[in-house]
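Morning, everyone. Today I want to talk about aromatic contacts. Structure on screen, please.

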Amino acid sequence: MSQSIFLDTINGIKRERPPVWFMRQAGRVLPSYMKLREKYGFKEMMENPELAAQVTLLPIHDLGVDAAILFSDILVIPEALGMELSFEGKGPSFATALKDVADPLSFLSDKPEKLEHIYKAIDRILETKPNEIPLIGFCGGPLTTLCYMYQGFSRNQNFPDFVPAIYRDKALMKKVVAKITEMSIHYALKQVEHGVKAFQLFETHAGLIPVELYKEVFLPSVKAILGAVRETGVKTIYLPKGLGTGINMVNYDLCDCVSVDWQMPLHEVRGIVGEEMILQGNFDPRILEAAPQAIDQEFEYFLNYGRKDHKWIFNLGHGLLPSIPVENVEYLVKKVKESDWGR
């Protein structure tokens, strides 16, 4: 057994309880994070290795979770493909979106040096983190990354211009996906080189298009990115949020661990993906906006599940929401750590 309950579990080793960490754990639910945000902009924090390292480790100290995930953003890949990104005002925006460009392929240009500050942040995290806490690296899934690159940003998360564009010119979209894939592999392998111990691919918008279309245009890219990381011996996690019945395409050939959204119970997913796969998830983050009694009630299912299945990492169906009271997150971590899992 290693010092890390997270690494043991993702390697299939039975521990006394499931490990716990959360997506978006280093963010707006933490008072310590909000204090830093009074002084620094989001992009400034992301691009300053010292600050990025500090924010990455806040949830370790404040919440007591079992793993850290790199404080960064999925939109660093479009930046490394030459797109101009700003986080001023209401959130991220591109100076020019691909939908407004006549030839997206010639508009994109490789600028891998734009990612250098992230590797420095990883080095700094590894110098300052507790020994038993592993660092998880990540990047965006190909569909999700392309959604934003093509549409730019709007309040409409259905990306109304993007989906018709796939149907209009599938061949072109596949070429753009190939560019995203190449840069994502470069980025993922650099993270591994600098010392991340697991790697998660966030396909947040997997449910945007029909499963068969996802399988044809985007799944080969997912396989290529995660496959490149797996070849180094680092474990991979795939979050295909909203994929629904498409979960039957997710097997041990694709990734080591599948992170499950809140739409399907864990025991059903286990039946579909098989016994080898590690599962992660899928507590609905919105429960954390309710009272502790509601949390207790929902937790029962997970407690019973985790008593039978040790190949499972406790996490949410998606990221923590800014509206969640930090006390409820602390309460949930405590429940995971102090419950009797009967192992």
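I'll go through ring pairs, then charges over rings.

Ground rules first. This is a predicted model: local features need pLDDT of at least 70, side-chain atom pairs count only at pLDDT 80 or more, and totals for chains, interfaces and linings use all residues. Residues are numbered from 1 along each chain as its sequence is written, and side-chain values use heavy atoms, with hydrogens and water left out.

How many aromatic pairs does a search of the whole structure find? It finds 19. Rings of Phe, Tyr and Trp (its six-membered ring) pair if their centres lie within 6.5 Å; planes under 30 degrees apart are stacked, over 60 edge-to-face, the rest tilted.

Take Phe138 and Phe202. They pair edge-to-face, 5.4 Å centre to centre, with 80 degrees between the planes. Phe138 is in strand 4 (residues 135–140), Phe202 in strand 5 (residues 198–203), 64 residues apart. Strands are DSSP runs of E, at least two residues; helices are H or I, at least four; both are numbered from the N terminus. Phe138 is buried at 7% relative accessibility. Phe202 is buried too, at 11%. Buried means under 20% relative accessible area (1.4 Å probe, protein chains only).

Next, Phe302 and Phe314. Also edge-to-face: 5.8 Å centre to centre, 65 degrees between the planes. Phe302 lies in helix 14 and Phe314 in strand 9, so the pair ties together parts twelve residues apart in sequence. Both are buried. Ring pairs also link them into a cluster with Phe283, Phe299, Tyr301, Tyr305, Trp312 and Trp341.

Finally, charges. Arg286 has its charged end over the ring of Trp262, 4.1 Å from the centre. Arg230 does this with Tyr252, at 5.1 Å. The criterion: NZ of Lys or CZ of Arg within 6 Å of the ring centre and within 35 degrees of the ring normal.

Conventions: Buried means under 20% relative accessible area, exposed over 50%, partly exposed in between (1.4 Å probe, protein chains only).
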